[in-house]
Amino acid sequence: MIVLKSSDGETFEIEEAVALQSQTIAHMVEDDCVENGIPLANVTGEILAKIIEYCKKHVEGGGGSEEELKIWDKEFIENIDQSTLFNLILAANYLNIKTLLDLTCQRVADMIS
Amino acid sequence: MERLGFWGLLMGSVEKSSDCRNSVALSESRDEESSSSSSKQVKGSRSRNTSPLSRVGSRNTSPLRQKVVKTKPRGLEEETVASFGKPIVVDVQMEDSIWAMLPEDLLNEILARLPPFMIFRIRSVCKKWNSILQDNGFLKFHSNVSSHGPCLLTFWKNSPQIPQCSVFSLPLKTWYKVPFTFLPPWAFWLVGSSGGLVCFSGLDGLTFKTLVCNPLMQSWRTLPSMHYNQQRQLIMVVDRSDKSFKVIATSDIYGDKSLPTEVYDSKTDKWSLHQIMPAVNLCSSKMAYCDSRLYLETLSPLGLMMYRLDTGHWEHIPAKFPRSLLDGYLVAGTQKRLFLVGRIGLYSTLQSMRIWELDHAKVAWVEISRMPPKYFRALLRLSAERFECFGQDNLICFTSWNQGKGLLYNVDKKIWSWISGCALQSCNSQVCFYEPRFDASVH
């Protein structure tokens, strides 16, 4: 299990497989500096919760069909306000979660076009 | 780039561009109107296809009424109606205060996911956006973004000979008008498109000239004159990995002179001379380029010639052409694939459209597909009707002169489909596949 600490002091304990979807966290685990939990100074608790929700669903392909996952992604991304979306983009970039960055940026592109 | 109010600019320009969209839609319909009226005149003078069926759903002349063009005859399951009216847009108010803080690299990520034309339109509305399209970071990023999808570029001239261009995006099923006022005022016609560049050739007074342009970036350049500078068959090929392009000039357009093949290389900005094509009575205009080889169909006798870029020499490919082939078109596929498309049987009621592929090893044309009769009848109502055929990336497109319909064949998936939402006026326009790319440079 890995412990993540948000910028506003919330802690989240999650399975390693979930956390490793973030390349940033994966590198930290490799470098073995996760003794007392991983501090994420750029991510608030609210956003981190959302990210964990996403990562949990996407562990090993999501456990459902590709179609089901797409539908879940659509629901996930369409029900958030712009402020959250903005912060998710920054966080997905910082945590280096490619699929989430893809999803969020595509959402903004769709909103503009 | 100013951060504050930046997204306000984007929003402002998005609002404008939705106005722009309205005006684009209207101007589209106005252009439709003017070119449809000119095409009506042409129809009259040609007295081709006078069947009333061909006028089903033909363009109404009111610019304000939503334009509806039926793209298939009754009875087929595919989509029926193309509409050029105002597209339905769900307006999203982007909150400027939030998005203004987005760092540039993430902005690039978002822009890369916008259809190229949206960026194009925003650019034409707001001058500050010009700078982002020149920005090296943006271009470099964008060059790695996968292609938006196959698009069709159609080029025609209005009654007073003003060039017009529209691009139809197959993935988005929408038309986008491309302003062509940036091009010089000679009488040019479309040669073709490759890797985001479009090539035109024509006469500037009495001089034959060739130009390449990137419609998205509104950039263009005239190429230097050839050694034998007359109206010749041309083909342009772009090498994206090398960031260069070549233009190959083969025979004289009238086929009555033996000219050395010339190749233009953008890296040297020069034409080089190569072998004269071995004497053949008549060369068709049908050429296709794949795998560094240019294939050309000769008409009399019906045969296949191949030009190798690396050696600069022509060879005859002794592949036997199908008997009683009419209107054979050469189409290049991916990698080394070469297709031949044409009709068999002019006067028989069992006329069919077939596709062959060249088996390079056996040096023979092998039939790989046949157009199902229902599509054939829908595309070409009269068996003698003319059609155009071109292709890219294992997609073969058929357009019929009188009906403005497009039929697509996906060679890999073996699927025939009408191009929905698309009405092409082929009788006085040229069409080709086009890949919109910001980073295609004319230099």
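User: What does V363(B) count as, going by its relative accessibility?

Analyst: V363(B) counts as partly exposed, because its relative accessibility is 31%, where buried means under 20% relative accessible area, exposed over 50%, and partly exposed in between (1.4 Å probe, protein chains only). This is a predicted model, in which local features need pLDDT of at least 70 and side-chain atom pairs count only at pLDDT 80 or more, while totals for chains, interfaces and linings use all residues. Residues are numbered from 1 along each chain as written, chains are lettered from A and ligands numbered from 1 in the order written, and side-chain values use heavy atoms, without hydrogens or water.

User: Where does V363(B) lie?

Analyst: V363(B) is in the loop between β20 (352-359) and β21 (364-370) of chain B; strands (E, at least two residues) and helices (H or I, at least four) are DSSP runs numbered from the N terminus. Its phi is near 50°, a positive value in a residue other than glycine.

User: Switching to α6(B), which residues are buried there?

Analyst: In helix α6 (residues 136-143) of chain B, the buried ones are F138(B), L139(B), H142(B) and S143(B). They cover an arc of only 125° around the axis, taken from the directions from the helix axis to the C-beta atoms, which puts them on the same side of α6(B).

User: And which exposed residues are on the face turned away?

Analyst: That face carries N136(B) and K140(B).

User: What sits over the ring of Y329(B)?

Analyst: The charged end of K286(B) does, 4.2 Å from the ring centre; the rule asks for NZ of Lys or CZ of Arg within 6 Å of the centre and within 35 degrees of the ring normal.
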